[in-house]
Amino acid sequence: MSGDLSTADQGQETVGSDAPRLTVESISKSFRNVDALSDVSLSIETGEVVGLVGENGAGKSTLLKLLTGIHQPDSGRIVLDGEPIRIDGPRDAAHQGIAIVKQEQDVVPNLTGYENLYLDQIPDFARFGIVDSGRMRSKAEQVTEQLGIELDLSAPVSSYSFTERQMLEVSKAFSESIDTDHPIILLDEPTAGLDEDGRELLFDRINELRDRASFVFVSHELDEVLDVSDRIYVLKDGVLVDEVDASEADEPTLQRAMVGRETADEYYRTGRQRSLSQGSDVALRADGLSVADSLDDISFSVREGEIFGVVGVEGCGKSALGRALCGVDPPDAGVVQVHGEELRPESLSRMVEAGIGYVPKDRKAEGLLLYQPLTMNVTLPSIGTDRTSHSLGGLGSLLTLIDSEKERGMAAESVEQLDIRTPGLDSLVYQLSGGNQQKVVLAKWLQRQSDVLVMDNVTRGIDVAAKEEVYRVCRDLAEDGVSMVFIGDELPEVIGMSNRIGVMKKGHLVDVVDAPAQDKPTEEELIEMMI
Amino acid sequence: MAERTILDRSRKRVAEIRAERTLQDWVIDLGPFVLLFLLVVGFSIASPNFFTVSNLVDNVLRNSTILLLVSLAGTFPILQQSIDLSIESMVGITGVIAAILISDYQLGVLALPVAVLAGTFFGALNGVVFAKLKIPSFLVTLGSLSILSGSALLMTGGTSIPYRDPTVRWVSTGELVFSIPNIVIWGLLFYLLMTFIAFKTPFGRYCYALGENEEVANLSGVQVDRYKIGAFVVSGLLCGVAGALLAARTSSAAPGMGSGLLLQSIAAIVMGGTALTGGVGGPHRTLLGVLVIGVLANGMNLVGIQSFVQEIVLGFVVIIAVAMSMDRRKIDIVK
């Protein structure tokens, strides 16, 4: 396969006139006998934006780690401006002109923007041990000004929005490599968690800065990669399987290359969307939910087996709605009806009793006990209920004892039902891939027999194939009569999956749009209502 | 073709996971066994009196029981990634309560359960303040450490309270089963009970969940506060048992009689395999740590190492045990 690529390489000398700015020459890297990258070659021209796509575990992160010197390649070399280089870690990489904007934001919230920008260089701004804040600030302001990024650098970063923090990260990457002539900025999932505006702003900046820098853009969002990049490399299982011109590629081609098989045209399995007659029973009804500063008088209802999408720009209150519905952040006013039972959502445990399950936004920090076995995770919400307890007859009401056989049975059932790929029921969940982890989160609630799931970005941070699996699971569940509140940042996904879509804006539910399988609303229509 | 790659991939994954079992995992799992074995062999060679029934039962086991109870007490908060620093003074005050009730109020054996109740009550107070007022547990219990030891001093005027009551004494020193002191039986009973609680009850399960990630437990519908308080209630109860048995064994009680137990118990808990980072280990493992400390103390006595040096050794043991057992995957920064 690499043979094909080298010919492709030669054909690709359209963008930059000089030799490539950076080339990676048949690089390989393995960890404990597992090949993370094998014989990968690629090049980045001056002023080019190169997309890098692949499923989780395809080797994208490893490649970035090699380029920033966190790991050293086992074989092959990295060549910068025709000279082979050795990279001794992120700082060294930055000095040589390769800086990275990471997926997680590395900011210290209680320090100001400019302090964060120069966090690792603060000693350089000190004279006789006293930091010259003024100089640091003005230098920082120069950087953001040059980049055309508007930030209040004197404010603490805790007051920044998510988007602003991300722009600060971009500025930081530039400031680190500012002494080099033409930096290469590696963007690792830079749009994760950004709303539409933030993305647009970021893409604007990238386009504007093309004459001053090259970019490597890594993302799961193929439409973005296609939008921003000139060329796109596709990695699969550590091997470079394709290189395409962005202008000639489309999402299905990329997906096929990434997954290595034909993905269904109907990514979201819209064909399986249930058509719900008005007569279906209402599973969940929210009535006048209000939370100070985030939600104002929200009312809607979700029928059995319905997927009710919720969209809106960042800060519109869609996550707050999920948390209020489930009693995680109890609302100040309003009631929720679950299967006709009217409740004030004052605690999650109360709502769980009624049949609600909550799939939080951040599965690693909020959804899973990462270092505990799969079984324990699956049964966690059910502990203390009959489903996990020994039947002790009359004693049962006094004493609930955990029946580990039952627990294993539940876990095995979920593994089967959701097709969770795991070496065993006792595997610690941090060892599973992102998609399988998310299935474990779903399994928690299914085993609790929750039939109203409130899901906040259920496919966040998982790869294409895993997303497809989650969509399939959602369709299966809907067929079984499970109702879902499908809160999402990705409009195509929410549009594809939902029966109806609630549009939120500044804490209000401004509209509920029908989204039947044959007549889906467009992104533009929704965006118009969101802003 | 597609199926083969999936199979290959999952095989690869299994291999990776096997390889991910680090040396540290093995050290935590087997370390205490190996250490205990080495200590027993070493001291048996060094002292002819060590490996005898009378030494092992009468000295090692009997002297370790109080430490076992207190260490079991401390295990639950630590399993939840909290800590109970008040156990020393809890033992002191419950022992003093028992002794006063026997000597001044002639309550006899009944004084012992009352002391246990008192410990449970103090533990509940710790727990409520910690969970409801959201004050870090080390601070709450550091405060109650001082409050309780001060109260015990106040109740006794700082002196020891002796009493004469053969029945009470029998509870601890009698030999109901073979020639094993009753106190050892008590220790064993509570050990089994706590192990059972850790594995078979919702409370036990939630201790692991809370220690691993409280927010996840919370977002899974667990009534987190209730179980956080529970850990301190259990801790107080077991300290009450320890205080009562200690008072019964010595036919007296002094406010400071629990001193030294805190550090020893933390050493035992951590060495057993319950990391300060929470979520792993459990009371069943704590026994191992207690035996290591018990054998170490007994052996050093027999070999003639003076007690000041023993204290220095214990300090090193604690730091090394913590260093080896911390799960560094979970923490980046320690303060």
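Two strands pair if DSSP finds at least two bridges between them. Helices (H or I, at least four residues) and strands (E, at least two) are DSSP runs, numbered from the N terminus. This is a predicted model, in which local features need pLDDT of at least 70, side-chain atom pairs count only at pLDDT 80 or more, and totals for chains, interfaces and linings use all residues. Residues are numbered from 1 along each chain as its sequence is written, and chains are lettered from A and ligands numbered from 1 in the order in which they are written.

**Strands of chain A**

In chain A, S16 (residues 333–338) pairs with S13 (residues 282–291) and with S17 (residues 341–343). Gln337(A) has Glu342(A) of S17(A) opposite, and Asp287(A) faces Val335(A) of S16(A). Two residues lie between the strands of the hairpin of S16(A) and S17(A), where His339(A) has a positive phi near 50°.

An open sheet of six strands in chain A has the order S18-S19-S20-S15-S21-S22, with mixed pairing. S18 (356–359) and S22 (508–514) of chain A are at the edges with a single partner strand each, so one side of each has no neighbour in the sheet. From one strand to the next the twist averages 20°; axes are lines fitted to C-alpha atoms, for helices over the stretch in contact, and angles run from 0 to 180 degrees between N-to-C directions. Within S20(A), Ser483(A) is the bridge partner of Val452(A).

| Strand pair | Sense | Bridges |
|---|---|---|
| S13(A) and S16(A) | antiparallel | five |
| S16(A) and S17(A) | antiparallel | three |
| S19(A) (452–456) and S20(A) (483–487) | parallel | five |

**Helices of chain A**

H18 (residues 523–530) of chain A lies across S15 (307–311), S21 (500–505) and S22 of that chain, at about 35° to S21(A). For H10 (residues 318–325) of chain A, eight of the eight residues are buried, so the helix is largely enclosed by the rest of the structure. A residue is buried if 20 or more other C-beta atoms lie within 10 Å of its own, exposed if 12 or fewer, and partly exposed in between, with C-beta atoms placed from the backbone. Among the buried residues of H10(A) are Lys318(A) and Arg323(A). Gly327(A), which follows H10(A), has a positive phi near 80°.

**Chain B**

Chain B contains 14 helices and two strands, and 50% of its 335 residues count as buried. Two residues are in contact if their C-beta atoms, placed from the backbone, lie within 7 Å. Of the chain B contacts between residues at least 6 apart in sequence, 79% join residues at least 24 apart.

H9 (residues 202–212) of chain B has ten of its eleven residues buried, so it is largely enclosed by the rest of the structure. Those buried residues pack against H3 (53–79), H8 (182–200), H10 (214–218) and H11 (224–250) of chain B.

H13 (residues 283–303) of chain B spans 30 Å from first to last C-alpha, close to the 30 Å expected at 1.5 Å a residue; the expected span is 1.5 Å times one less than the number of residues. In H13(B), 15 of 21 residues are buried, and just after this helix Gly304(B) has a positive phi of about 90°.

The axes of H8(B) and H13(B) come within 8 Å and cross at roughly 140°. These two helices are therefore oblique to each other; angles under 35 degrees count as roughly parallel, over 145 as roughly antiparallel, 65 to 115 as roughly perpendicular and the rest as oblique. Tyr191(B), Met194(B), Thr195(B) and Ala198(B) of H8(B) meet Pro283(B), His284(B) and Leu287(B) of H13(B).
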